[in-house]
Amino acid sequence: MVATYTILGRQVGAHVLAMTTLGTTFAGVYLAMPAKTKEKESGPPINAASKDEEKFIQDFLKNAGGGEKAKA
């Protein structure tokens, strides 16, 4: 026998109330959480004298960062 409650003139089982409460709580928490966004990896600004120098520095940093990932 299941414990029942009268809500708005209808008989509702205790297990249904528990499932509804849990579902509403988890849905509310899920909707209240901020959206996941990818944060761009930002470092210090590159103060290069020319575009070629800036490109060289970016390529060097890209290759240097990739080498560490390959070793792991």
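Colleague: Which helix has the lowest mean pLDDT among the elements of the protein, and which has the highest?

Modeller: Helix 2 has the lowest, 79, and helix 1 (residues 14-32) has the highest, 97. Here pLDDT is the predictor's confidence in each residue, from 0 to 100. This is a predicted model, where local features need pLDDT of at least 70, side-chain atom pairs count only at 80 or more, and totals for chains, interfaces and linings use all residues. Residues are numbered from 1 along each chain as its sequence is written, and side-chain values use heavy atoms, with hydrogens and water left out.

Colleague: What makes a stretch count as a helix or a strand?

Modeller: Both are DSSP runs, numbered from the N terminus: helices are H or I with at least four residues, strands are E with at least two. Helix 2, for instance, covers residues 51-71.

Colleague: Why is the pair Lys55 and Asp59 called a salt bridge?

Modeller: The rule asks for a side-chain nitrogen of Lys or Arg within 4 Å of a carboxyl oxygen of Asp or Glu. The closest N and O atoms of Lys55 and Asp59 are 3.2 Å apart, so the pair passes. A search of the whole structure finds 1 salt bridge. Lys55 and Asp59 both sit in helix 2, 4 residues apart, about one turn of the helix.

Colleague: Why is Lys55 called exposed, and Asp59 partly exposed?

Modeller: Buried means under 20% relative accessible area, exposed over 50%, and partly exposed in between (1.4 Å probe, protein chains only). Lys55 has 51%, so it's exposed. Asp59 has 33%, so it's partly exposed.

Colleague: And what about Leu61: what is its relative accessible area?

Modeller: Leu61, in helix 2, has 49%, so it counts as partly exposed. Leu61 also belongs to a nonpolar surface patch with Ile46, Phe56 and Phe60, and together they have about 420 Å² of accessible area.

Colleague: How do you know that strand 1 and strand 2 pair?

Modeller: Two strands pair if DSSP finds at least two bridges between them. Strand 1 (residues 4-7) and strand 2 (residues 10-13) have 4 bridges, in the antiparallel sense, so they pair. Thr4, for example, has Gly13 in strand 2 as its bridge partner. Their hairpin has 2 residues between the strands, and Leu8 there takes a positive phi near 55 degrees.

Colleague: Last one: which residues does Ala48 touch?

Modeller: Ala48 lies in the loop between helix 1 and helix 2. Leaving out residues up to four places away in sequence, Ala48 touches Glu53 and Glu54, where contact means heavy atoms within 4.5 Å. At 27% relative accessibility, Ala48 is partly exposed.

Conventions
Patches are made of residues with over 30% relative accessible area and no salt bridge: like charges are joined within 9 Å, nonpolar side chains (Val, Leu, Ile, Met, Phe, Trp, Tyr) within 5 Å. Accessible areas come from the Shrake-Rupley method with a 1.4 Å probe; for residues, only the protein chains shown count as cover.
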